[in-house]
Amino acid sequence: MAQLDAGQFVAEDVPAEQALTVQGVVAEFEKVDDVIAAAKAVHAAGYRYFDVHSPFPIHGLDIDMGVKPTILPWIVFVAGVMGAAVGLTLTIWTMSIAYPFLISGKPLNSIPAWIPVVFECTILLAAFGATFGMLVLNKLPMLYNPLLNVERFRRATDDRFFVVVDARDDRFDEAKTSQMLEELGASAVETVKD
Amino acid sequence: MATIHPNQTLAPDVDNAHDDPRQRAPLVLGENTFGTITDKVSGLAEQRPQMWWWIAFMISFSLMGMLFALIGVLFLTGVGVWGNNQPVAWAFPIINFVFWVGIGHAGTLISAILFLFRQQWRTSINRFAEAMTIFAVMCAGLFPAIHIGRPWLAYWLFPIPNQMDLWPQFRSPLMWDVFAVSTYATVSALFWYVGMIPDLATLRDRAKNRIAQFAYGLFALGWTGSTRHWHRYEKAYLLLAALATPLVLSVHSVVSFDFAVSQLPGWHTTIFPPYFVAGAIYGGFAMVLTLAVPARYLFGLKDLITPRHLENMCKVMLGTGLIVGYAYAVEFWVAWYSGHHYEQYVFLNRPLGPYAWAFWTMITCNIIIPQLLWFKWCRLNPWTIIIAAMAVNVGMWFERFVIVITSLHRDFLPSSWAMFHPTWVDIGMLIGSFGLFFTFFLLFCKFLPMVSMAEVKTVMPEAHPGHGHGPEQAGDFKRSTESE
């Protein structure tokens, strides 16, 4: 939801107020139950460009919000298979082709002896897949986020829960959306500008 | 038994070490809310360190300096500064390597295996146990690297094409070790960092000065706790745990292959992989307890690292200790049953030979003293926990001493027999490695969230849907556990 569009940064002589555009609306909730109810209501009202920010994962909320299951496990699987392929290629090629060296009459391609190396390569690449796959899918690192301009929002990593409706949503209307969130029991509603 | 209901706040000194199968014991004590958890843990990184921290840091830092000075002596002079010689060519460096790698294993067990088993008590201790893993693996990795004689050729260990068209020999367990330990260090660091991203964001959002905002902001990667992000994040964390679990078991198995694949009596035995893994977890839990017991007092984390956490760790230590004791017994039995004279001699020589003092130190520290932990009183008393944990720390070092030194010092031909005598450089490097470990650990305690705030919040009753409708609603907690 963050707009990283360079075109939004304006020349210095333009007054700052004029340059700001509405990015969305942030509503603060104090309890887990309230934010779950609010998220369900926002989803039921037809909003799709919205999100819930919480200091810890709230299990089941992603399903209520209609978040599709992530493809991350497939990325990790493919990365793991690639790791195994790298390990096998490295060991088989170096030991049987690039540098054949006979030890105790063992076959040049002694697969059982390669297993530890193949296994470690599999785990290593799969772990890279899990970590960097998650970051890429989440569009992280994101070094600027207009949400963090809202002072109140900083408690999203502490003890408050926030519903954020993005201005890109077709149904978004600053006044109406704010009113709806207030009616859902938000303890505060603010507009995000950037 | 305390209830977990929020409207009846728990007294800070409630007994959560009591087992009642009808209810889960609370894992966070005291009158804590999400906010106070954040304040307590972040506060440690935000406040100026206390005097004890400076004293401990200066001591550790000096010892680390000594370690690097001794490495300088080693590089300038050669491996002759150590007591290593024929037939004991593997001595302190390998003992220290196995000792430190082993310590790391408890951190991964807590962070990955207990996560897969849904042992929620891991949440308060996993962060610093993982930090311990990484710093222990750093200490471990140092020793083989400086043991190779010509450290400027350390890159020969890696499969890098070179001008001689040579490749490393992948049939060698030492090569497996290079892959296992470097993968372990990398994956542990990734797991630790991924787990820390939400907490770094917390520190970023609370930071008051520009440097802290920038540094925490950079490493928090722009995390805002979005549910869409949490969805993928939790999947990634689960997958990393599932990958780290076989990895940690493989690492000490591969370390044990360094010994077991050789033909040396005392090393050449099939029990080594499970025996080493159990010993690693045993020694690692001893180190976690050695760090956790003082930390909960010094950092004021008694509500988060509760008596129940200490008791559970003591139970794991007792259990793995019994596996280790069983492995010792099996080694002797197999030596007798093998009918192999050299094998039988090695195992008679351990309790009765010139290194009997090391063997009996190992038995006393690893097998006898930890039996204290059968008694609940001892599992709840910080002093007895520390006595047992320190005994295991010492005992596990001596276990590796017994395996390496006693097996080597009696060669096949009596004319090749020799005793091993450590030099001052050997002993200085062992002490210095603790300096390296504690320097990093103290820096971690000062600058990073030493308890996983986001995860601790999830085990609080307030985090679960359906909570907070008043005390008349029974079965609250039951429902909330189902929703996981």
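Reader: How many helices and strands does the secondary structure of chain A come to?

Author: This is a predicted model, in which local features need pLDDT of at least 70 and side-chain atom pairs count only at pLDDT 80 or more, while totals for chains, interfaces and linings use all residues. Residues are numbered from 1 along each chain as its sequence is written, and chains are lettered from A and ligands numbered from 1 in the order in which they are written.

Chain A comprises six helices and four strands, where helices (H or I, at least four residues) and strands (E, at least two) are DSSP runs numbered from the N terminus. Along the sequence, their pattern is α-β-α-β-α-α-α-β-α-β. Chain A is more spread out than a compact globule, because its radius of gyration is 25 Å, well over the 16 Å that the globule rule gives for 194 residues; the radius is taken over C-alpha atoms, and the rule is 2.2 Å times the number of residues to the power 0.38. Taken along the principal axes, the C-alpha atoms of chain A fill a box of roughly 80 × 45 × 30 Å.

Of the 194 residues in chain A, 42% are buried, that is, 20 or more other C-beta atoms, placed from the backbone, lie within 10 Å of a residue's own. Among contacts in chain A with a separation of 6 or more, 80% join residues 24 or more positions apart; a contact requires C-beta atoms, placed from the backbone, within 7 Å.

Chain A also touches chain B, with 59 residues from chain A and 56 residues from chain B in the contact. On the side of chain B that touches chain A, the largest share, 16 residues, comes from H7(B).

Conventions: Two residues are in contact if their C-beta atoms, placed from the backbone, lie within 7 Å. A residue is buried if 20 or more other C-beta atoms lie within 10 Å of its own, exposed if 12 or fewer, and partly exposed in between; C-beta atoms are placed from the backbone.
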